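User: I am new to this structure. Please take a close look at one part of it, the salt bridges, and walk me through them.
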Amino acid sequence: MVTLRQLRYLAALARHGHFGRAAEACAITQPALSMQIRELEQFLGVTLVERRPGEVMLTEIGREISRRAEDVLASVRDLVDFARHRGRPLTGRLTLGIIPSLAPYLLPRILPALQSQFPDLELELRETQTRLLVEEVKGGALDAAMLALPLGEPDIDTLELFNDLFLLAVPASDPRPCGRRVAARDIDQSRLILLEDGHCLRDQALAFCATIPRGPSSGATGMTFGASSLATVMQMVAGGYGLTLIPQIAADVEARDERVKILRLQDPQPGRCIGLAFRRTSPRRADFAALGEVVKGCVAANGP
């Protein structure tokens, strides 16, 4: 008989690609996890894993069974949630993912409010890039994720929370006064510093740049320093190495450096829509709606 434990172990192995890391994620020993995978293979009569020194690779049928296992585990999670969360909203455990360009700036605002309004909530947080968050929401590892919309995922529903405008961060030596709005065509794209590949903020900045008519100063679009955080990019701007687009929600924190100046862009101002993403089959919509109201209330009180 196939067990949920075996399916969880297979899903973990698919995610981590390594027996040791998968075992650590499942809080068991590596031999125990390996034994369960072998028993699953024997019961199904197929080879799920191609074992190599130092790494593992799922076979073609192993990848398909792992995908189906994720669906089963997500359905089981929804069943448990349905039974446990029919009373007051936001009680018990809730796993929430959040993108790195949002987490340091939004969480300090909403966590005190959540603790005050929903003291029985056990919130578990994970900060990582959009692609991984979407995968983990679909697979049931996360209940929901806060990220930039739209997603275009048929198995995921979303709830819009607030609009986050982009501002232009430049070195303090930039001659343009803070009160003057900058036209998009006046942004020197050759000096635009961007996050590394995989960050949605980079993709959004590039999408905005694609709409800007090229002027005489426009060269190659954007520098990439391999930075994984907005704080690192802002230090590059402060050092005079270029400029960047910064979300308004991050401006109060990242613009404290006197070496940086923040300028607004002319209308229509670019930005991103921040929302909550969750599985379409999740029974916790009341929880997500309550969480969304807290977020919207905190943002409205302090401004994005």
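Is Lys296 buried, partly exposed or exposed?

Analyst: Lys296 is partly exposed, with a relative accessible area of 30%. Keep in mind that this is a predicted model.

Start with the partner of Lys296. Glu293 forms a salt bridge with Lys296, and their closest N and O atoms are 3.2 Å apart. Both residues sit in helix α10, which covers residues 285–302. They are 3 residues apart, about one turn of the helix. Elsewhere, bridges with shared partners join Glu64, Arg67, Arg68 and Asp71 into one network.

Next comes a pair with a buried member. Arg176 and Asp174 form a salt bridge, with 2.9 Å between the closest N and O atoms. Asp174 counts as buried, because its relative accessibility is 12% and the cut-off for buried is under 20%.

Now take Arg181 and Asp267. Their side chains meet in a salt bridge, at 3.3 Å from N to O. Arg181 lies in the loop between β6 (156–171) and β7 (193–194). Asp267 lies in the loop between β10 (260–263) and β11 (271–279). The pair therefore ties together parts that are 86 residues apart in sequence. Arg181 is partly exposed, at 37% relative accessible area. Asp267 is exposed, at 59%.

In total, the count comes to 18 salt bridges.

Technical notes: Residues numbered from 1 in each chain as written. Predicted model: local features only at pLDDT ≥ 70, side-chain atom pairs only at ≥ 80, totals over all residues. Heavy atoms only, no water. Salt bridge = Lys/Arg side-chain N within 4 Å of Asp/Glu carboxyl O. Buried < 20%, exposed > 50% of the residue type's maximum accessible area, 1.4 Å probe, protein only. Helix = DSSP H or I, 4+ residues; strand = E, 2+ residues; numbered from the N terminus.
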